[in-house]
Amino acid sequence: MHRSSEVKHVASYLNTRGCECFGQPCESHCPVLTDRTIHVQLKTFIKIRVKPDRTGVVTDGVKHSMNPFCEIAVEEAIKLKEKKLVKEVVAVSCGPQQVQETIRTALAMGADRGIHVEVSGKDYETLGPLQVSKIFAALAKKEQADLIILGKQAIDDDCNQTGQMTAALLDWPQGTFASEMTLEADKLKVVREVDGGLETIKIKLPAVVTADLRLNTPRYATLPNIMKAKKKKIANVKPADLGVDVCSRLEVLKVDEPPQRQAGVKVETVDDLVGKLKEAGRV
Amino acid sequence: MSEIEVLLAEVELLFLGREYPKGADYSRDRLRAAFAKNKDVHDPEKIKELISRGEFVVKELEALYYLRKYRALKKRYYETE
């Protein structure tokens, strides 16, 4: 087994912005949201509703959990640690008190310690990839991380920007949409899933990698591991301590629900169908 | 000794059952019924057997949840042919 003495840290950064309404019928289809607010028992059917003032989505009472792509990222980091290629896995998340739950899940999966960057209230509502990547860049320098792994995008905002921005701020190489990654001495071989197929690149450490769906199968945090994880430390940091300004340069103008499905029209013959299509200007 | 193991198995299944698609209540009730049914089993061999069956169910549930998540993500983010 090849040992790398260079890689000291693998910082696995978590995004808590994921909603687990998988498989539950959501009347207005929404691959979105969550983040912040009270941790409530997941109801069988969760309807995501747009807030009355249309500035966002109702997040009160919606269960928040780790972004699925970030789960894959954490799993990859822990795999590296199990292969003894890295010394320590640090799980980081930005947000209010509730994100500690997500960090605990990462610790239960096998991370060594956690860092909770406290962002709450108005700041949290406007927290976006730019601010998060600034925080990560500052933390990476502070912790002297050699590798940052995160999910390719958050399923609530679908930005797909944090990884790339972090790499740019640190001036590190990046391996995004990774479906496979191998550590070879001080270089990282990454197989990326791109539109045309697969691209294999070799990048030097320190680097940023974003995890795609097929990178691995994340393990489940079993109860005994959750218990053990309670002993692991989670450090508390504020963005100001890292010298980061979390002020947002974006303003959400409007959030709308997807259009309601129109009722279908039944036709008797093919001629009728063609007639109707012509009427609608589609033919 | 085996009492503790049984208890741990039950709690683990309880936690896992919370995300069951048919609802946390459904899985909790089924779990309670299953454990109550075998309450009077004292033979250590049989107990071991039942515990290993519980572990099997744990693995099945984990696989179920993983597949559900994977399929949801695949459907949402990747083009299906």
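**Exercise 1.** Classify Val267(A): buried or exposed, or in between?

*Solution.* Val267(A) has a relative accessible area of 31%. Buried means under 20%, exposed over 50%, and partly exposed in between, with a 1.4 Å probe and protein chains only. Therefore Val267(A) is partly exposed. This is a predicted model, where local features need pLDDT of at least 70 and side-chain atom pairs pLDDT 80 or more, while totals for chains, interfaces and linings use all residues. Residues are numbered from 1 along each chain, chains are lettered from A in the order written, and side-chain values use heavy atoms, without hydrogens or water.

**Exercise 2.** Find the side-chain partner of Glu88(A).

*Solution.* Start with the place: Glu88(A) lies in strand S4, residues 88-95 of chain A. Strands (E, at least two residues) and helices (H or I, at least four) are DSSP runs, numbered from the N terminus. Next, the partner: the side chain of Arg113(A) makes a polar contact with that of Glu88(A), at 2.7 Å. Such a contact is a pair of N or O atoms within 3.5 Å; within protein, one must be able to donate a hydrogen and the other to accept it, and residues adjacent in sequence count only if both atoms are side-chain atoms.

**Exercise 3.** Describe the aromatic pair of Phe69(A) and Tyr77(B).

*Solution.* Rings of Phe, Tyr and Trp (its six-membered ring) pair if their centres lie within 6.5 Å; planes under 30 degrees apart are stacked, over 60 edge-to-face, the rest tilted. The count is four pairs over all chains. Phe69(A) and Tyr77(B) are 5.5 Å apart, centre to centre, with 65° between the planes: edge-to-face. The pair crosses from helix H1 of chain A to helix H3 of chain B. Phe69(A) is buried, at 0% relative accessible area.
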